[in-house]
Amino acid sequence: MIIEPLGLGAGPHDIPGPLLTELTALYASNRAFQQLSGDFPDPDDIRPEQVAAALADELAHPDAEVLLARAEGALVGVAVTLAHHPDPADPDPWIGLLMVDAGQHRSGYGRQLARLVEDRFRAAGRDGVRIAVLENNPRALAYWTALGYEVIGHRPDRQLGRPCTILRTSLHPPKSTE
């Protein structure tokens, strides 16, 4: 698997059509998550312009990065990271979203993508990374705890006020990729 940044300044009209088609299919494949998150008005009808706008909103933050994960040329996942949280008391970077194409779930791509994101932060000298998991998503909570993340608190998300469980993992020492 390789990961590559989507690129700074990607606005709703800056994402090439074929890539936007791939991203829309990836987002739409995760209907259950979209239904839980409420990020899109109709999880059964996710449109390219909605995905482009969502990604542009993410990239509007100067410390955000959208990473595209490809395996054998196909887009298999996306991760949105935040190098610095808006709360100055929070020392860690964040994974704002990690999504794998639903047709590829249980293939190891999610674990691999999480480790590659952690490696990027580790290489930048960061000590840990956090993620907020929607409290109505026990499957995601089980996934992240299986990867070694530990619950450190509960609070609403900053964007929509949804109840979340906050998890953190240390980036030292490096974890096995097996």
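1. The buried residues of helix H1 pack against H2, H3, E2, E3 and E4. Here contact means heavy atoms within 4.5 Å, and buried means under 20% relative accessible area, exposed over 50%, and partly exposed in between, computed with a 1.4 Å probe on protein chains only. Helices (H or I, at least four residues) and strands (E, at least two) are DSSP runs, numbered from the N terminus. This is a predicted model, in which local features need pLDDT of at least 70 and side-chain atom pairs count only at pLDDT 80 or more, while totals for chains, interfaces and linings use all residues. Residues are numbered from 1 along each chain as its sequence is written, and side-chain values use heavy atoms, with hydrogens and water left out.

2. Which residues of H1 are buried? They are Leu19, Leu20, Leu23, Thr24, Leu26 and Tyr27. These residues lie on the same side of H1, because they cover an arc of only 160° around the axis. The arc is that of the directions from the helix axis to the C-beta atoms. The face turned away from this buried side carries the exposed residues Pro18 and Thr21. As for length, the end C-alpha atoms of H1 are 18 Å apart, which agrees with the 18 Å that its 13 residues should span at 1.5 Å a residue. The expected span of a helix is 1.5 Å times one less than its number of residues.

3. Helix H3 can be described in the same terms. Its buried residues are Val51, Ala52, Leu55, Ala56 and Leu59. Their arc around the axis is only 135°, so they sit on the same side of H3. Glu49 and Asp57 are exposed residues on the face turned away from the buried side. The cover over the buried residues of H3 includes H1 and strand E2 (64–71). H3 has 12 residues and reaches 16 Å from its first C-alpha to its last, close to the 16 Å expected at 1.5 Å a residue.

4. Aromatic rings deserve a separate point. Rings of Phe, Tyr and Trp (its six-membered ring) pair if their centres lie within 6.5 Å; planes under 30 degrees apart count as stacked, over 60 as edge-to-face and the rest as tilted. By this rule there are three aromatic pairs. The pair of Tyr27 and Phe40 is edge-to-face, because the ring centres are 5.8 Å apart and the planes stand at 85°. This pair links distant parts of the chain: Tyr27 is in helix H1 (residues 17–29), and Phe40, 13 residues apart from it, is in the loop between helix H2 (31–37) and helix H3 (48–59). Both Tyr27 and Phe40 are buried.

5. Trp144 and Tyr149 also form an edge-to-face pair, with 4.9 Å from centre to centre and 75° between the planes. Are these two residues buried or exposed? Trp144 counts as buried because its relative accessibility is 5%, and Tyr149 is buried with a relative accessible area of 2%. Ring pairs link Tyr143, Trp144 and Tyr149 into a cluster.

6. Strand E5 (residues 128–134) is largely enclosed by the rest of the structure, because six of its seven residues are buried. Two strands pair if DSSP finds at least two bridges between them. E5 runs parallel to strand E4 (residues 94–100), and two bridges join them. Ile95 stands opposite Ile131 in E5. Between E4 and E5 the chain crosses through helix H4 (residues 109–123), and this β-α-β crossover is right-handed. That word applies if, with the strands pointing away from the viewer, the path from the first strand over the helix to the second runs clockwise.

7. E5 also pairs with strand E7 (residues 163–170), in the antiparallel sense and over seven bridges. Ala132, in strand E5, has Ile166 in E7 as its bridge partner. Ala132 is partly exposed, with a relative accessible area of 30%. Leaving aside neighbours within four places in sequence, Ala132 is in contact with Trp94, Cys164, Thr165 and Ile166. Ala132 and Thr165 are 33 residues apart in sequence, and their C-alpha atoms are 5.6 Å apart in space.

8. Two single residues remain. Thr81, in strand E3 (residues 74–82), counts as buried at 5% relative accessibility. Beyond its neighbours within four places in sequence, Thr81 has contacts that include Asp63, Leu67, Trp94, Ile95 and Phe121. Arg139 is found in helix H5 (residues 138–146) and counts as exposed at 60% relative accessibility.
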